[in-house]
Amino acid sequence: MLRITLQPQWRIGHEDAAALDANTLLRLLAAVQDSGSISQAGRDLGLSYRHAWGLVRQAEQLFGQALLTRGRGRGSLLTALGQQLIWADARIGARLQPLLESLASELEGELGRVQRRERAVPRLHASHGFAVAALREQLAARQVAVELRYRNSLEAVAALAQGDCDLAGFHVPLGTFQAAAAQRYLHWLRPETHRLVQLAVRTQGLFVAPGNPLGLRGLDDLTRPGLRFVNRPEGSGTRVLTELLLQRQGIAPRQIAGYDNTELTHAAVAAFVASGMADVGIGVQTAAHRFGLHFIPLLKERYFFALTAGALERDELRPVLAVLQSPAFRARVAALKGYEAADTGRVLTLEDAFPA
(Lines give C-alpha, C1' and ligand atoms only; values in the text may rest on other atoms or scores of the structure.)
Protein backbone atom coordinates (compact mmCIF):
# COMPACT_ATOMS: atom_id res chain seq x y z
CA MET A 1 0.00 0.00 0.00
CA LEU A 2 1.34 3.40 -1.01
CA ARG A 3 2.06 5.67 1.98
CA ILE A 4 2.70 9.42 1.75
CA THR A 5 3.88 11.59 4.64
CA LEU A 6 3.83 15.40 4.53
CA GLN A 7 5.59 17.50 7.17
CA PRO A 8 5.84 21.27 7.73
CA GLN A 9 9.30 22.75 7.28
CA TRP A 10 10.78 25.82 8.96
CA ARG A 11 13.35 28.00 7.21
CA ILE A 12 14.78 30.98 9.11
CA GLY A 13 17.04 33.66 7.70
CA HIS A 14 17.59 37.24 6.62
CA GLU A 15 16.81 38.46 3.13
CA ASP A 16 20.49 38.81 2.24
CA ALA A 17 21.67 35.41 3.54
CA ALA A 18 21.04 31.71 3.11
CA ALA A 19 18.16 30.46 5.28
CA LEU A 20 18.67 27.96 8.08
CA ASP A 21 16.67 24.72 7.80
CA ALA A 22 15.28 24.83 11.31
CA ASN A 23 13.63 21.40 11.56
CA THR A 24 16.76 19.71 12.92
CA LEU A 25 17.39 22.66 15.23
CA LEU A 26 13.87 22.39 16.67
CA ARG A 27 14.25 18.66 17.28
CA LEU A 28 17.57 19.37 18.98
CA LEU A 29 16.07 22.04 21.26
CA ALA A 30 13.21 19.73 22.22
CA ALA A 31 15.72 16.96 23.02
CA VAL A 32 17.78 19.38 25.14
CA GLN A 33 14.64 20.32 27.05
CA ASP A 34 13.97 16.64 27.74
CA SER A 35 17.51 15.61 28.68
CA GLY A 36 19.04 18.84 30.03
CA SER A 37 22.17 18.13 28.00
CA ILE A 38 23.11 19.16 24.48
CA SER A 39 25.60 16.30 24.21
CA GLN A 40 22.89 13.77 25.14
CA ALA A 41 20.40 15.46 22.83
CA GLY A 42 22.91 15.24 19.97
CA ARG A 43 23.48 11.54 20.61
CA ASP A 44 19.73 10.92 20.67
CA LEU A 45 19.43 12.54 17.24
CA GLY A 46 22.60 11.04 15.78
CA LEU A 47 24.43 14.40 15.73
CA SER A 48 28.00 15.02 16.83
CA TYR A 49 28.57 17.43 19.73
CA ARG A 50 30.28 19.84 17.32
CA HIS A 51 27.41 19.68 14.80
CA ALA A 52 24.80 20.23 17.52
CA TRP A 53 26.54 23.32 18.90
CA GLY A 54 27.09 24.56 15.35
CA LEU A 55 23.36 24.52 14.68
CA VAL A 56 22.67 26.37 17.91
CA ARG A 57 25.34 29.00 17.27
CA GLN A 58 24.10 29.59 13.71
CA ALA A 59 20.56 30.14 14.97
CA GLU A 60 21.74 32.41 17.78
CA GLN A 61 23.52 34.59 15.24
CA LEU A 62 20.33 34.86 13.19
CA PHE A 63 18.20 35.80 16.20
CA GLY A 64 20.82 37.88 17.95
CA GLN A 65 19.97 36.11 21.22
CA ALA A 66 21.02 32.97 23.06
CA LEU A 67 18.91 29.80 22.80
CA LEU A 68 20.75 27.82 25.50
CA THR A 69 22.44 28.62 28.78
CA ARG A 70 24.77 26.50 30.89
CA GLY A 71 23.22 25.17 34.11
CA ARG A 72 25.00 24.82 37.44
CA GLY A 73 25.81 21.18 36.80
CA ARG A 74 27.20 22.06 33.36
CA GLY A 75 23.96 20.94 31.75
CA SER A 76 22.09 23.01 29.17
CA LEU A 77 18.87 24.97 29.71
CA LEU A 78 16.67 26.64 27.13
CA THR A 79 16.33 30.40 27.27
CA ALA A 80 12.90 32.04 26.93
CA LEU A 81 13.52 32.33 23.18
CA GLY A 82 14.42 28.65 22.90
CA GLN A 83 11.27 27.67 24.76
CA GLN A 84 9.15 29.94 22.58
CA LEU A 85 10.54 28.30 19.44
CA ILE A 86 9.49 24.89 20.74
CA TRP A 87 5.99 26.14 21.56
CA ALA A 88 5.72 27.76 18.13
CA ASP A 89 6.68 24.47 16.50
CA ALA A 90 4.12 22.63 18.65
CA ARG A 91 1.41 25.06 17.55
CA ILE A 92 2.36 24.65 13.90
CA GLY A 93 2.23 20.87 14.21
CA ALA A 94 -1.10 20.89 16.06
CA ARG A 95 -2.64 23.26 13.53
CA LEU A 96 -1.25 21.84 10.28
CA GLN A 97 -0.79 18.12 10.91
CA PRO A 98 -4.47 17.16 10.44
CA LEU A 99 -4.57 19.13 7.17
CA LEU A 100 -1.36 17.50 5.95
CA GLU A 101 -2.56 14.02 6.94
CA SER A 102 -5.82 14.63 5.10
CA LEU A 103 -4.03 15.83 1.98
CA ALA A 104 -1.58 12.91 2.13
CA SER A 105 -4.48 10.46 2.33
CA GLU A 106 -6.16 12.08 -0.68
CA LEU A 107 -2.92 11.87 -2.66
CA GLU A 108 -2.50 8.20 -1.71
CA GLY A 109 -5.97 7.49 -3.06
CA GLU A 110 -5.47 9.45 -6.28
CA LEU A 111 -2.11 7.86 -7.06
CA GLY A 112 -3.42 4.44 -6.04
CA ARG A 113 -6.30 4.72 -8.49
CA VAL A 114 -3.89 5.61 -11.30
CA GLN A 115 -1.75 2.59 -10.42
CA ARG A 116 -4.58 0.09 -9.97
CA ARG A 117 -7.23 1.59 -12.26
CA GLU A 118 -9.91 0.29 -9.91
CA ARG A 119 -12.66 1.61 -7.65
CA ALA A 120 -11.67 4.03 -4.92
CA VAL A 121 -10.96 2.78 -1.42
CA PRO A 122 -13.42 3.66 1.39
CA ARG A 123 -13.74 7.40 2.01
CA LEU A 124 -13.76 8.50 5.65
CA HIS A 125 -14.68 12.09 6.52
CA ALA A 126 -14.37 12.99 10.20
CA SER A 127 -13.55 15.75 12.63
CA HIS A 128 -10.00 15.33 13.87
CA GLY A 129 -9.64 13.46 17.14
CA PHE A 130 -7.18 11.20 18.91
CA ALA A 131 -9.24 8.03 18.42
CA VAL A 132 -9.63 8.82 14.70
CA ALA A 133 -5.86 9.27 14.44
CA ALA A 134 -5.40 5.95 16.26
CA LEU A 135 -7.76 4.28 13.77
CA ARG A 136 -5.72 5.61 10.87
CA GLU A 137 -2.57 4.15 12.45
CA GLN A 138 -4.21 0.76 13.00
CA LEU A 139 -5.56 0.65 9.45
CA ALA A 140 -2.12 1.49 8.05
CA ALA A 141 -0.51 -1.21 10.20
CA ARG A 142 -2.93 -3.77 8.72
CA GLN A 143 -2.43 -2.47 5.18
CA VAL A 144 -6.07 -1.37 4.96
CA ALA A 145 -6.36 1.56 2.57
CA VAL A 146 -8.77 4.44 3.24
CA GLU A 147 -9.05 8.01 2.05
CA LEU A 148 -9.28 10.10 5.22
CA ARG A 149 -10.39 13.71 5.05
CA TYR A 150 -10.62 15.82 8.19
CA ARG A 151 -13.77 17.96 8.18
CA ASN A 152 -16.01 19.29 10.91
CA SER A 153 -18.85 17.08 12.11
CA LEU A 154 -21.63 18.85 10.20
CA GLU A 155 -19.63 18.80 6.96
CA ALA A 156 -18.85 15.09 7.38
CA VAL A 157 -22.49 14.04 7.94
CA ALA A 158 -23.66 16.24 5.05
CA ALA A 159 -21.04 14.62 2.81
CA LEU A 160 -22.36 11.16 3.71
CA ALA A 161 -25.93 12.17 2.89
CA GLN A 162 -24.78 13.54 -0.47
CA GLY A 163 -22.80 10.38 -1.31
CA ASP A 164 -19.40 12.05 -1.05
CA CYS A 165 -18.04 9.71 1.64
CA ASP A 166 -18.68 6.23 3.07
CA LEU A 167 -18.09 6.90 6.79
CA ALA A 168 -18.83 10.20 8.54
CA GLY A 169 -17.50 10.99 12.02
CA PHE A 170 -19.45 13.18 14.44
CA HIS A 171 -19.88 13.52 18.20
CA VAL A 172 -22.86 14.17 20.48
CA PRO A 173 -22.83 15.02 24.22
CA LEU A 174 -24.41 12.65 26.71
CA GLY A 175 -27.15 13.88 29.01
CA THR A 176 -29.02 17.17 28.88
CA PHE A 177 -27.73 18.36 25.51
CA GLN A 178 -27.98 15.08 23.60
CA ALA A 179 -31.32 15.74 21.91
CA ALA A 180 -30.48 19.31 20.84
CA ALA A 181 -27.02 18.39 19.52
CA ALA A 182 -28.20 15.21 17.77
CA GLN A 183 -30.94 17.13 15.96
CA ARG A 184 -28.33 19.04 13.99
CA TYR A 185 -27.05 15.78 12.50
CA LEU A 186 -30.42 14.04 12.16
CA HIS A 187 -31.25 16.63 9.52
CA TRP A 188 -28.92 14.59 7.29
CA LEU A 189 -29.39 11.07 8.70
CA ARG A 190 -32.42 8.82 8.13
CA PRO A 191 -33.48 5.92 10.42
CA GLU A 192 -34.30 3.66 7.47
CA THR A 193 -31.09 4.45 5.61
CA HIS A 194 -28.27 4.94 8.10
CA ARG A 195 -26.51 3.11 10.91
CA LEU A 196 -23.94 4.22 13.48
CA VAL A 197 -20.72 2.58 14.66
CA GLN A 198 -19.59 3.87 18.04
CA LEU A 199 -15.96 4.93 18.19
CA ALA A 200 -15.60 6.05 21.81
CA VAL A 201 -16.88 8.00 24.77
CA ARG A 202 -14.63 10.94 25.63
CA THR A 203 -14.50 13.77 28.16
CA GLN A 204 -14.65 17.43 27.14
CA GLY A 205 -13.67 20.27 29.42
CA LEU A 206 -11.68 23.46 29.95
CA PHE A 207 -7.94 23.72 29.25
CA VAL A 208 -6.04 26.07 31.58
CA ALA A 209 -2.40 26.62 32.49
CA PRO A 210 -0.63 24.02 34.67
CA GLY A 211 -1.66 24.36 38.30
CA ASN A 212 -4.65 26.53 37.31
CA PRO A 213 -2.98 29.78 38.49
CA LEU A 214 -6.08 31.85 37.69
CA GLY A 215 -8.26 29.62 39.85
CA LEU A 216 -10.84 28.88 37.14
CA ARG A 217 -13.67 26.56 38.16
CA GLY A 218 -16.16 26.54 35.28
CA LEU A 219 -17.93 28.31 32.44
CA ASP A 220 -19.01 31.31 34.51
CA ASP A 221 -15.34 32.30 34.79
CA LEU A 222 -15.12 32.83 31.00
CA THR A 223 -16.66 36.29 31.41
CA ARG A 224 -13.97 37.38 33.86
CA PRO A 225 -12.35 40.67 32.72
CA GLY A 226 -8.97 40.16 31.08
CA LEU A 227 -9.44 36.42 30.53
CA ARG A 228 -8.49 35.31 26.99
CA PHE A 229 -10.48 32.48 25.38
CA VAL A 230 -9.69 30.41 22.28
CA ASN A 231 -12.59 28.71 20.48
CA ARG A 232 -13.20 26.05 17.82
CA PRO A 233 -14.52 26.93 14.32
CA GLU A 234 -18.19 27.20 13.35
CA GLY A 235 -19.65 23.80 12.46
CA SER A 236 -17.32 21.79 14.66
CA GLY A 237 -18.95 19.50 17.20
CA THR A 238 -17.09 21.18 20.04
CA ARG A 239 -18.31 24.62 18.90
CA VAL A 240 -21.88 23.25 18.93
CA LEU A 241 -21.25 21.94 22.46
CA THR A 242 -19.79 25.28 23.57
CA GLU A 243 -22.85 27.14 22.30
CA LEU A 244 -25.20 24.80 24.15
CA LEU A 245 -23.23 25.07 27.38
CA LEU A 246 -23.19 28.87 27.24
CA GLN A 247 -26.91 29.03 26.48
CA ARG A 248 -27.64 26.98 29.59
CA GLN A 249 -25.51 29.33 31.69
CA GLY A 250 -27.10 32.43 30.15
CA ILE A 251 -23.75 33.65 28.81
CA ALA A 252 -23.67 35.58 25.53
CA PRO A 253 -20.65 35.07 23.24
CA ARG A 254 -19.98 38.82 23.24
CA GLN A 255 -19.24 38.57 26.97
CA ILE A 256 -16.21 36.34 26.31
CA ALA A 257 -12.95 37.93 25.16
CA GLY A 258 -11.51 35.91 22.29
CA TYR A 259 -14.71 34.03 21.42
CA ASP A 260 -14.10 34.64 17.71
CA ASN A 261 -10.47 33.43 17.89
CA THR A 262 -10.46 29.84 16.63
CA GLU A 263 -8.12 26.87 16.23
CA LEU A 264 -8.88 23.89 14.03
CA THR A 265 -8.29 20.97 16.41
CA HIS A 266 -8.30 20.06 20.10
CA ALA A 267 -4.51 19.80 20.00
CA ALA A 268 -4.21 23.24 18.41
CA VAL A 269 -6.38 24.76 21.17
CA ALA A 270 -4.24 23.05 23.81
CA ALA A 271 -1.01 24.26 22.18
CA PHE A 272 -2.41 27.80 22.02
CA VAL A 273 -3.18 27.78 25.74
CA ALA A 274 0.10 26.05 26.65
CA SER A 275 2.11 28.67 24.78
CA GLY A 276 0.46 31.45 26.81
CA MET A 277 -1.46 33.00 23.92
CA ALA A 278 -4.80 32.29 25.63
CA ASP A 279 -5.85 31.55 29.20
CA VAL A 280 -8.57 28.98 28.52
CA GLY A 281 -10.04 26.81 25.77
CA ILE A 282 -12.41 23.87 25.42
CA GLY A 283 -11.50 20.40 24.17
CA VAL A 284 -10.94 16.73 24.96
CA GLN A 285 -8.92 15.65 27.97
CA THR A 286 -6.29 13.87 25.87
CA ALA A 287 -5.12 17.17 24.35
CA ALA A 288 -4.79 18.80 27.77
CA HIS A 289 -2.81 15.81 29.04
CA ARG A 290 -0.39 15.84 26.09
CA PHE A 291 0.39 19.52 26.51
CA GLY A 292 0.72 19.36 30.29
CA LEU A 293 -2.34 21.52 30.98
CA HIS A 294 -4.77 21.51 33.91
CA PHE A 295 -8.14 20.08 32.86
CA ILE A 296 -11.59 20.96 34.25
CA PRO A 297 -14.15 18.33 33.11
CA LEU A 298 -17.51 19.58 31.80
CA LEU A 299 -19.25 16.54 30.29
CA LYS A 300 -18.88 13.32 28.30
CA GLU A 301 -19.83 12.70 24.70
CA ARG A 302 -20.06 9.83 22.24
CA TYR A 303 -18.19 9.81 18.95
CA PHE A 304 -19.83 7.88 16.09
CA PHE A 305 -19.18 6.94 12.50
CA ALA A 306 -22.35 7.14 10.42
CA LEU A 307 -22.73 4.99 7.31
CA THR A 308 -25.50 3.55 5.18
CA ALA A 309 -27.01 0.27 6.30
CA GLY A 310 -25.95 -1.38 3.04
CA ALA A 311 -22.34 -0.34 3.56
CA LEU A 312 -22.08 -2.77 6.49
CA GLU A 313 -22.05 -5.63 3.95
CA ARG A 314 -19.78 -4.09 1.34
CA ASP A 315 -16.50 -5.95 0.81
CA GLU A 316 -14.35 -2.80 0.76
CA LEU A 317 -15.66 -1.65 4.14
CA ARG A 318 -15.40 -4.95 5.99
CA PRO A 319 -11.68 -4.57 6.80
CA VAL A 320 -12.35 -1.11 8.28
CA LEU A 321 -15.19 -2.44 10.43
CA ALA A 322 -13.02 -5.39 11.46
CA VAL A 323 -10.38 -2.99 12.81
CA LEU A 324 -13.01 -0.87 14.58
CA GLN A 325 -14.36 -3.98 16.30
CA SER A 326 -10.99 -5.55 17.12
CA PRO A 327 -9.74 -5.98 20.71
CA ALA A 328 -6.44 -4.34 19.72
CA PHE A 329 -8.14 -1.15 18.59
CA ARG A 330 -10.43 -1.11 21.61
CA ALA A 331 -7.37 -1.33 23.86
CA ARG A 332 -5.68 1.47 21.89
CA VAL A 333 -8.67 3.78 22.41
CA ALA A 334 -9.00 2.87 26.11
CA ALA A 335 -5.36 3.89 26.62
CA LEU A 336 -6.10 7.47 25.54
CA LYS A 337 -6.50 9.84 28.49
CA GLY A 338 -10.16 10.74 28.90
CA TYR A 339 -11.45 8.08 26.48
CA GLU A 340 -13.67 5.05 27.21
CA ALA A 341 -13.90 2.10 24.81
CA ALA A 342 -16.41 -0.33 26.33
CA ASP A 343 -18.74 0.01 23.29
CA THR A 344 -16.14 0.75 20.62
CA GLY A 345 -17.18 -0.96 17.37
CA ARG A 346 -20.81 -1.44 18.41
CA VAL A 347 -23.31 -1.00 15.55
CA LEU A 348 -26.45 0.99 16.42
CA THR A 349 -29.60 2.21 14.74
CA LEU A 350 -30.44 5.87 15.10
CA GLU A 351 -33.30 4.89 17.42
CA ASP A 352 -30.91 2.91 19.62
CA ALA A 353 -28.45 5.80 19.83
CA PHE A 354 -30.99 8.60 20.28
CA PRO A 355 -34.22 7.21 21.77
CA ALA A 356 -37.16 9.61 21.75
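The largest cavity has a volume of about 60 Å³. This is a predicted model: local features need pLDDT of at least 70, side-chain atom pairs count only at pLDDT 80 or more, and totals for chains, interfaces and linings use all residues. Residues are numbered from 1 along each chain as its sequence is written, and side-chain values use heavy atoms, with hydrogens and water left out.

We work on a 1 Å grid over the protein atoms alone. A cavity is a set of points where a 1.4 Å probe fits but cannot get out. A pocket is an open set with protein on both sides within 12 Å along at least five of seven lines. Lining residues have an atom within 4 Å of a point. Grid points are joined across faces, edges and corners, and a volume is the space filled by probe spheres set on the points.

Back to that cavity. 10 residues line the largest cavity, and Arg-3, Arg-136, Ala-140, Val-144 and Val-146 lie nearest its centre. Which helix gives the most to this lining? H5, with 3 residues. H4 and H5 each supply at least two. Helices (H or I, at least four residues) and strands (E, at least two) are DSSP runs, numbered from the N terminus. By class, the lining of the largest cavity has 6 nonpolar, 1 polar and 3 charged residues. Ala, Val, Leu, Ile, Met, Phe, Trp, Tyr, Cys and Pro count as nonpolar, Asp, Glu, Lys and Arg as charged, and the others, Gly among them, as polar.

How many cavities of 30 Å³ or more does the structure hold? There are 2. By class, the lining of the second largest cavity splits into 6 nonpolar, 2 polar and 1 charged.

Next, the open space. The largest pocket has a volume of about 370 Å³. It is lined by 15 residues, and the closest to its centre are Gln-97, His-128, Phe-130, Ala-267 and Arg-290. Helix H4 (80–116) and helix H5 (130–141) each supply at least two lining residues here. H4 has the largest share, 5 residues. The lining of the largest pocket has 7 nonpolar, 4 polar and 4 charged residues.

On to helix H8. It has 13 residues and reaches 19 Å from its first C-alpha to its last. That is close to the 18 Å expected at 1.5 Å a residue; the expected span is 1.5 Å times one less than the number of residues. Of the 13 residues of H8, 10 are buried, so the helix is largely enclosed by the rest of the structure. Buried means under 20% relative accessible area, exposed over 50%, partly exposed in between (1.4 Å probe, protein chains only). The buried residues of H8 include Gly-237, Val-240 and Leu-241. Just after H8, Gly-250 takes a positive phi of about 70°.

Now the rings. The structure holds 7 aromatic pairs. Rings of Phe, Tyr and Trp (its six-membered ring) pair if their centres lie within 6.5 Å; planes under 30 degrees apart count as stacked, over 60 as edge-to-face and the rest as tilted. Phe-170 and Phe-304 form a tilted pair, 5.7 Å centre to centre, with 35° between the planes. Phe-170 sits in strand S7 and Phe-304 in strand S11 (residues 294–308), 134 residues apart. Both are buried. Phe-304 also pairs with Phe-354, edge-to-face, at 5.8 Å centre to centre and 80° between the planes. Phe-304 lies in strand S11 and Phe-354 in the segment after helix H13 (350–353), so this pair ties together parts that are 50 residues apart in sequence. Phe-354 is buried as well. Ring pairs link Phe-170, Tyr-185, Phe-304 and Phe-354 into a cluster.

Last, strand S10. Is S10 (residues 280–284) buried or exposed? 5 of its 5 residues are buried, so S10 is largely enclosed by the rest of the structure. Strand S8 (residues 194–208) runs antiparallel to S10, joined by 5 bridges. Two strands pair if DSSP finds at least two bridges between them. Val-208 stands opposite Val-280 in S10. Strand S9 (residues 229–230) pairs with S10 in the parallel sense, over 2 bridges. There, Phe-229 has Val-280 as its bridge partner.
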